[in-house]
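Please have the sequence and the model in view as we begin.

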Amino acid sequence: MGTDDKVENKTEELKGKAKEGVGRATDDENLEAQGRNDQAKSSLKQAGEKVKDAFKS
């Protein structure tokens, strides 16, 4: 897993957490759901990168 990929995935995760928090604070269920979705996508990407790394070793 490249450093750039790690940073990009972590950034996406943090943006998702921020969206979820803002959505929760403003009672915007759509924004909150978008935030959770962004976090899930980031987690899947990170898992995929870890699998690739395992096969490289």
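I shall discuss the salt bridges of this structure.

This is a predicted model, in which local features need pLDDT of at least 70, side-chain atom pairs count only at pLDDT 80 or more, and totals for chains, interfaces and linings use all residues. Residues are numbered from 1 along each chain as its sequence is written, and side-chain values use heavy atoms, with hydrogens and water left out.

Side chains of opposite charge can pair when their charged atoms come close. A salt bridge here is a side-chain nitrogen of Lys or Arg within 4 Å of a carboxyl oxygen of Asp or Glu. By this rule there are 9 salt bridges.

Let us begin with Lys10 and Glu13, whose closest N and O atoms are 3.6 Å apart in a salt bridge. The two residues lie 3 residues apart in helix α1 (residues 3–25), so about one helical turn separates them. Helices are DSSP runs (H or I, at least four residues), numbered from the N terminus.

Glu20 and Arg24 also form a salt bridge, at 2.8 Å from N to O. Glu20 is buried, at 15% relative accessibility, whereas Arg24 is partly exposed, at 48%. Buried means under 20% relative accessible area, exposed over 50%, and partly exposed in between (1.4 Å probe, protein chains only). A network of salt bridges links Glu20, Arg24, Glu32 and Arg36.

Which residue forms a salt bridge with Lys19? The partner is Asp38, with the closest N and O atoms 3.0 Å apart. This pair links distant parts of the chain, as Lys19 belongs to helix α1 and Asp38 to helix α2 (residues 29–56), 19 residues apart.
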